[in-house]
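Hi everyone, thanks for coming.

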Amino acid sequence: MTALLATLGGAYYTSADVFAAEQEHIFESMWFCAARSADLSLAGKFKKVQVGRESVLLIRGRDGLLRAFLNVCRHRGAQLCTESDGEVKRTLRCPYHSWTYALDGRLVAAPNLGALTDDAGTPIDRYTYGLVPVALTEWLGYAWVCLADAPPPFDDVVAGAAGTLGDSDAINRYGIGGLDVGRRVVYEVAANWKLIVENFMECYHCSSIHPELVGVLPEFSRGIAAQANTGSGAQFGSGIAGFTVDGTAGFDRLPGITDDQDRRYYAITVKPTVFINLVPDHVIFHRMYPVAADRTVVECDWLYTGAVLSSEEDISASVELFHRVNLQDFAACERTQPAMSSRAYRDGGVLVPAEHHLAEFHHWVVSRLATAV
Amino acid sequence: MTALLATLGGAYYTSADVFAAEQEHIFESMWFCAARSADLSLAGKFKKVQVGRESVLLIRGRDGLLRAFLNVCRHRGAQLCTESDGEVKRTLRCPYHSWTYALDGRLVAAPNLGALTDDAGTPIDRYTYGLVPVALTEWLGYAWVCLADAPPPFDDVVAGAAGTLGDSDAINRYGIGGLDVGRRVVYEVAANWKLIVENFMECYHCSSIHPELVGVLPEFSRGIAAQANTGSGAQFGSGIAGFTVDGTAGFDRLPGITDDQDRRYYAITVKPTVFINLVPDHVIFHRMYPVAADRTVVECDWLYTGAVLSSEEDISASVELFHRVNLQDFAACERTQPAMSSRAYRDGGVLVPAEHHLAEFHHWVVSRLATAV
Amino acid sequence: MTALLATLGGAYYTSADVFAAEQEHIFESMWFCAARSADLSLAGKFKKVQVGRESVLLIRGRDGLLRAFLNVCRHRGAQLCTESDGEVKRTLRCPYHSWTYALDGRLVAAPNLGALTDDAGTPIDRYTYGLVPVALTEWLGYAWVCLADAPPPFDDVVAGAAGTLGDSDAINRYGIGGLDVGRRVVYEVAANWKLIVENFMECYHCSSIHPELVGVLPEFSRGIAAQANTGSGAQFGSGIAGFTVDGTAGFDRLPGITDDQDRRYYAITVKPTVFINLVPDHVIFHRMYPVAADRTVVECDWLYTGAVLSSEEDISASVELFHRVNLQDFAACERTQPAMSSRAYRDGGVLVPAEHHLAEFHHWVVSRLATAV
């Protein structure tokens, strides 16, 4: 016997059945980070987002509240919105038969609506035939939705993030909700979403594929992941002025953070699909959209203060560092995906000591899917 | 409880299993409208048509009869025809091993044919090893084929059409078999065939998506489908001169029709895959070819008298009206298809009173598939 | 009853389940011809080959031995090689976490390799965590690999080939291992691999589709396959100078062959995926790579003596003959594939007397798959 722990078996990464179970018991059962709230700042602004197997419509009401609905007309099922985003005035009108909904989901108009009555002649209920609502909470400036009939406490999400940092208030000091998107890049990755999570959680690969990142965070060359050491973060190298592709200076430190948090990089995995990267002057926020067992879309936001973005300052060197890290990581994941179906990986591969914390992620996946039984 | 009837559940429109059952118990069990007979007017003319899961070869014999066969050589299974249509002289020769069939399906030649004998040395039977015949009947100028071992009475098809008109002779007065194809358009629709049938059967959507059609038939703005009112048809608006995109005059009224039929539009659904639209001066004939649960090819013929087509008269304004209607309808169906897999449509949507006759279609589908058990 | 034997039923050629069973019980259980050894002549040269469902890496060691491994890193499963072929120096390094293997498969380096110990602190075994080896044998200048846990005797392959020729030494006299590849063509065929085998095994189709081949081998016009007459081969026509597209002279006869073998064409099917064509002055060697029930890649090598290839002599007319035969055959197979799903082929087609030996191939397939039960 050796001390090398096994990973999940290959079928977890290739099976359409496992992916279907994940859709149901993970993405459609947990809080899922769906969109940046600021992209939906004005009344009538909407965005169509795929959550598990469902097309979900996020829309800001005239009362200022952001709401989510299944993107399906209650009459004959046409999709209300086919564009990825847009803006309406006061109502959502289904173009097929003109059933029309208020921004709070209520059915407000339809041809011959008066004739739609129950057997006793009572008009149908406007909410019963309104859009199907989806639970929504805003946190860190993002809209998180949950398709479960009984959504779990949102505090689980918050605690999950805080847990990695060891201090429940640490993440709040970055003021993420008040930052603005300086750059957004969408990556199409030909790999299972769990390979992307595993890759993000360990740094044993850093010295092999991330020369720029290791240049800024020299301790990463030893293969120690920030996430394996709760609360400590990774320290900038002595000659490094900022978290940039060439180590040149970044921007003013975010107003709320402590001296302890300065000159450090913290990485947080918020299951199932969010990664948060905290550095003194900005935040990098990844959201995954798992599409199939072997395909995942990753949307990455680089968040800065409004002051930085409205100034003449150039964010390129700052964005470029993690954009390269993303490309390097996703290439590694895509190289791994095909081998998941090999007999050599039937019972999985192995974890070295620096990766042992990945076993917790594997146990968590297995236990989520066990609820399927 | 409300008076709103439910539609079929979403899985009926997305499930590969349901579609396979429909292939077997609907398209391959009923009379299926396969081709316009006039496209196969001369001896040796053939056309390859997909009927359910089968490639069927329609070919005109030298005796003038139109016949249908499975498009498969009896020897080693090569497809006899790979082109969509064409013309042969006296025989169909399989290019793989040169087994050769007369136009009535009989095996007439093969290399070493004399050596092909049974155990007693008797030559093999030319019909036993001939092409596999498929039942064929001509009606309204179209070839209808049936793959069932025991085809149902063709009168069921005729009665189905007559039923909608309320008068068994009404359809005959249009002389559809004697008309010629003035225009044919083939549409690829990314939607289940039943969504297309349902769309054709109701007019609750007309005021929302068919401005030109409602312009010609003002009563359609009230959402009443011609098909829901057996025999009545829909009357042209008072200022409308003809069934054209702009209401300008069409052509001379078809010789056989009655005054009752003049200035009216009648729509007929001949299950499973044919729609017939009757107006005084022409006929619009739709045939569907369901390809997958979410894909249907629709072929639409605009039929006119030979006199109109051989004249200098322009049929554009006449064709354009229903071509726009087709595009509008198919866009609505394509918008509906994706929502069929949503949990919001798991138990279906609802039918308003003006759509209640669609429930009969749903019951019919369910009962056809029940024979699968 | 007739004397016409039935072929396999159509589902054998279309079913994904049958193909999966073939992957397991045929391609991954038998010796599979994977590559020309000479393409891997130097130490460090590698080639990636798909064998059944596995990506297999063939690589020449510094000790001169050719070895095969599953193309999967033992750590976290990344593919070691993603290029189809190439060359490394002394080791294979996984680019994800830098686990590094010697060319004999041993694990020789990894970050923190010293820390990888069993529970008692003993370093992990370098072979246990080395690459997973795949059995490999070289014969006729090709590398044959076997994924079975207990590979069958390689002599079965040799005997299979010799059996067709009737003389166990006949094939050796062509010195195939010492010939060089003069031309290689890769064909993508949209047909089941068994249709390609059946096509190769019979010549009843020759007079229909192979005018050039019949021109060189006139007896093929009678539909008699060389393979049906063990040991006899097919004789060149009297006016034919060589096995070329136009019957012009080829090259000097291969040094080892007998007078009996001169001016004759012999065809050998080595199950499951190899065809060998022997003519006096060269050898045509086909290898199939079945990709799906309806898709097969065929790689065809034309092999000549080094003397011919290093001379100024032109091999075009020689290559062109069988290249045309290949194109003609594969077109026939592609024409046959679609009909395999027709009800007309549910119980298969028929074999004429000149094809009766194909029944043995069918029985062999059925018996291989029976081991699946």
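This is a predicted model: local features need pLDDT of at least 70, side-chain atom pairs count only at pLDDT 80 or more; totals for chains, interfaces and linings use all residues.

Let's take the chains. If you turn chain C by 120° and shift it 0.1 Å along the axis, it can be laid on chain A with an RMSD of 0.0 Å. That is the relation of a three-fold axis. Within chain C, the residue that comes closest to the rotation axis is C:Ala16, with its C-alpha at 9.0 Å.

Now please find strand E11 of chain B, residues 142-146. Is this strand enclosed or open? Five of its five residues are buried, so E11(B) is largely enclosed by the rest of the structure. Why do we speak of two faces here? In a regular strand, side chains alternate between the two faces of the sheet. On one side of E11(B) we have B:Tyr142, B:Trp144 and B:Cys146, on the other B:Ala143 and B:Val145, and all are buried.

Who pairs with E11(B)? Strand E2 of chain B, residues 32-36, runs antiparallel to E11(B) and is joined to it by four bridges; there, B:Arg36 has B:Tyr142 as its bridge partner. Strand E10 of chain B, residues 133-139, is also antiparallel to E11(B), with five bridges, and B:Leu136 stands opposite B:Val145. In the hairpin of E10(B) and E11(B), two residues lie between the strands, and B:Leu140 takes a positive phi near 60°.

Last stop: chain B also has an open, antiparallel sheet of three strands, ordered E7-E8-E9. E7 (91-93) and E9 (107-109) of chain B each have a single partner strand, so one side of each is left without a neighbour in the sheet.

Key: Residues are numbered from 1 along each chain as its sequence is written. Chains are lettered from A and ligands numbered from 1 in the order in which they are written. Side-chain values use heavy atoms; hydrogens and water are left out. Two strands pair if DSSP finds at least two bridges between them. Copies are superposed by least squares on the C-alpha atoms of residues with pLDDT of at least 70 in both. Buried means under 20% relative accessible area, exposed over 50%, partly exposed in between (1.4 Å probe, protein chains only).
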